[in-house]
Amino acid sequence: MSFNLESVKVSGKEMMPILEGGKGVGVSTGLTSGEWAKAGGIGTVSAVNASRLDEDGKIIPVEYKGRNRNERFRELVQFGIEGGLTQLRQAHDIANGNGRLHVNVLWEMGGAQEILHGILKEAKGIVNGITCGAGMPFKLAEIASQYGVYYYPIVSSGRAFRALWLRSYRKAPDFLGAVVYEDPWLAGGHNGLSNTERFDHPEDPYPRVKELRATMNKFGLENTPIIMAGGVWYLRDWTDWMNNPEIGPLVFQFGTRPLLTQESPVRDSWGDTLLGLKEGDVALNPFSPTGFYSSAVRNTFLDELYARTERQISFTDHHEAADDHTESFKFGPRNREVFLTAHGKESAEKWMAQGFTKALVTPDSTFVFVAEEKAAEIRKDQLDCMGCLSQCKFSNWADNEKGTTGRKADPRSYCIQKTLLNSAYGEAPEHNLMFSGHAAYKFAQDPFYNDGFIPTVKQLVERIATGD
Ligand SMILES: Cc1cc2nc3c(=O)[nH]c(=O)nc-3n(C[C@H](O)[C@H](O)[C@H](O)COP(=O)(O)O)c2cc1C
Ligand code: SF4
């Protein structure tokens, strides 16, 4: 192996320590993961709404027939199991015994555990590990050991791993494959910022990973690798981390860089945008219906969400003398009366004159002002919900007996299911969510991509292994 990249034992096998992270919806597929494993690395099939394929390998479009959220949710789980299995089998065929294959789910996706069980029951000998983040997957160890596969929790601090270990993972230590550290300020997709961390105060990953290693060592996990994810591009930038006892055995996870390969399903639809990004064009933003921060390309889709949130004012239900909400304002079909501040009233009138005539109530006793068509779109998306998350702040759906979070639906958010499917199927990427890590601007700087060159997965893995 070139560049002195030492092999590391992952999922029971000595491996080149290069991994493609799971990417939903439909971005890390059977094809990309299979090729990644075939090239000697570790591929991760996304089982987040994984697509089913027809006999010619073409995606079968999802069509929900259920009449209510619960019925559509049942369909979603069934499609998720079938799609996950289809993609894993394809990956397995392509990998042909090389590398390692993992499957990724988001703990907070609707039906996560049921989908995992459904897939693992049928995927014996095909899948080597499960990676799982977005939430605290306490049950992950139990599920993985039940099927004899390794598990890979994704955390953003030593503290989070400590909680997982003490409450659950210490009971199944043998199947803990590695711990993924995902940099919450740099990685694409959902980010695990805790309540005490600020989105606009990025922290150096080195001390954080050093602390994670110290925590792991305390639990006797000196030989368990850490998988570093978030902002990894050239491995030559990470030589201080390699063969370093403060960090221990190390694997590198790539999410953004493999978005542009010949096999990537978003190669054509996202290609031009990715190749033209500048530093700062990816935004860590608060709009995801999961409630987590997430990182995505600042395109018209995100711009509209920022603008919507800026057109926001507070209201109170009752006019109280001590309060500065003194201005009467009537809204909605029943002309409900609430009170705004004088400045709020002025803003409301200005936005309405600009065509943002609909005042939508948020769970924080504020209004956001949107155009009539946007209000109709938001309403429709909320009604079409099929419960893709365990809790959704946009529609207030929750995967519980009552089917609701008990909070008001939040019009400052969006239906992630709809936009990610649109995005994955190549529909107007500018107007849909494009998850991406903050290092994506390197596509435009890295000479590897000169003249629009797009490598195969094999070429990319070989290139990464050289340090470049
Ligand atoms: C388009 C996209 C989708 C992603 N989807 C998921 C996902 O479904 N589950 C997950 O655990 N991580 C997801 N991630 C995170 C990646 O697996 C990976 O950890 C991350 O992108 C690494 O950082 P980088 O973007 O700086 O390379 C996603 C990342 C991207 C760019
Ligand atoms: S509204 Fe959309 S994002 Fe929210 S749970 Fe329903 S399908 Fe998922």
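This is a predicted model: local features need pLDDT of at least 70, side-chain atom pairs count only at pLDDT 80 or more; totals for chains, interfaces and linings use all residues.

A: Helix α5 covers residues 158-167, and helix α6 covers residues 205-218. Their axes come within 8 Å. They cross at roughly 25°. Angles under 35 degrees count as roughly parallel, and α5 and α6 are therefore roughly parallel to each other. The crossing of α5 past α6 is right-handed.

Now look at the residues that make this contact. From α5 come G158, F161 and R162. From α6 come E211, L212, A214, T215 and M216. Sorted by class, the residues of this contact are four nonpolar, two polar and two charged.

Step back to the domains. The domain assignment gives domain 1 as 2-282 + 440-465. Domain 2 is given as 300-431. Between the C-alpha centres of domain 1 and domain 2 the distance is 33 Å. The two domains touch, with 21 residues from domain 1 and 15 residues from domain 2 in the contact.

Stay on the domain 1 side of that contact. Two elements give two or more residues to it: α2 (69-95) and α7 (267-275). Helix α2 provides the largest share, six residues. The classes on this side of domain 1 are eight nonpolar, eight polar and five charged.

Next come the ligands. Take ligand 1 to begin with. It is surrounded by 28 residues. The closest of them are G21, G188, G189, G255 and G437. Strands β5 (100-106) and β11 (250-254) are the elements that give two or more residues to this shell. By class, the shell around ligand 1 holds 11 nonpolar, 15 polar and two charged residues.

Then turn to ligand 2. There are 13 residues around it. C385, C388, C392, S395 and C415 come nearest. The shell around ligand 2 has 10 nonpolar and three polar residues. No charged residue belongs to the shell of ligand 2.

On the α5 side, look for G158, F161 and R162. On the α6 side, look for E211, L212, A214, T215 and M216. The axes there cross at roughly 25°, in a right-handed crossing.

Terms used. Residues are numbered from 1 along each chain as its sequence is written. Chains are lettered from A and ligands numbered from 1 in the order in which they are written. A residue is near a molecule or strand if its C-beta atom, placed from the backbone, lies within 6 Å of it. Ala, Val, Leu, Ile, Met, Phe, Trp, Tyr, Cys and Pro count as nonpolar, Asp, Glu, Lys and Arg as charged, and the others, Gly among them, as polar. Axes are lines fitted to C-alpha atoms, for helices over the stretch in contact, and angles run from 0 to 180 degrees between N-to-C directions. Helices (H or I, at least four residues) and strands (E, at least two) are DSSP runs, numbered from the N terminus. Angles under 35 degrees count as roughly parallel, over 145 as roughly antiparallel, 65 to 115 as roughly perpendicular and the rest as oblique. A crossing is left-handed if the near helix is turned anticlockwise from the far one by less than a right angle, and right-handed if clockwise. Two residues are in contact if their C-beta atoms, placed from the backbone, lie within 7 Å. Domain bounds come from an automatic or database domain assignment.
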